[in-house]
Amino acid sequence: MLLQQIAMSVAAAGESGHEEPAPLWAEPWVFGVSMFGILVVLMFIAWSYNNLGNRHSATEEHADPHRQHPNKHDRGQGH
């Protein structure tokens, strides 16, 4: 049923001739520049998070025997 409706609409569009495209509210280059600007802003937002790991000094992790799934390969890091 849906395929028949699609086929009929395609056939009707082919018979009516060339339709004019919808009018744009700005020049085409404005859309490209605005998309590029939005992506640059998002890139700088993502880049601003690049040093979150440097806020605190690294601490040694110890093997906790009371964990539910203890690390069986602690390489001598235990108590």
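Biologist: What separates phenylalanine 44 and tryptophan 47 in helix α2?

Modeller: They lie 3 residues apart in helix α2, so about one helical turn separates them. A helix is a DSSP run (H or I) of at least four residues, a strand one (E) of at least two, numbered from the N terminus. This is a predicted model, in which local features need pLDDT of at least 70 and side-chain atom pairs pLDDT 80 or more, whereas totals for chains, interfaces and linings use all residues. Residues are numbered from 1 along each chain as its sequence is written, and side-chain values use heavy atoms, without hydrogens and water.

Biologist: Why is the pair of tryptophan 25 and phenylalanine 31 called edge-to-face?

Modeller: The chain has 2 aromatic pairs. In this one the ring centres are 5.1 Å apart and the planes stand at 75 degrees, so the pair is edge-to-face (centres within 6.5 Å, using the six-membered ring of Trp; planes under 30 degrees stacked, over 60 edge-to-face, the rest tilted). Phenylalanine 44 and tryptophan 47 also form an edge-to-face pair, at 6.4 Å centre to centre and 80 degrees between the planes.

Biologist: What makes tryptophan 25 exposed?

Modeller: Its relative accessible area is 73%, so tryptophan 25 is exposed (buried under 20%, exposed over 50%, partly exposed in between; 1.4 Å probe, protein chains only). Phenylalanine 31, at 25%, counts as partly exposed.

Biologist: How do you know whether phenylalanine 44 is exposed or partly exposed?

Modeller: Its relative accessible area is 47%, so phenylalanine 44 is partly exposed. Tryptophan 47, at 56%, is exposed.

Biologist: How many helices and strands has the protein chain, and what share of its 79 residues counts as buried?

Modeller: There are 2 helices and 0 strands, and 3% of the residues count as buried. Leucine 42 is placed in helix α2, which covers residues 28-47.
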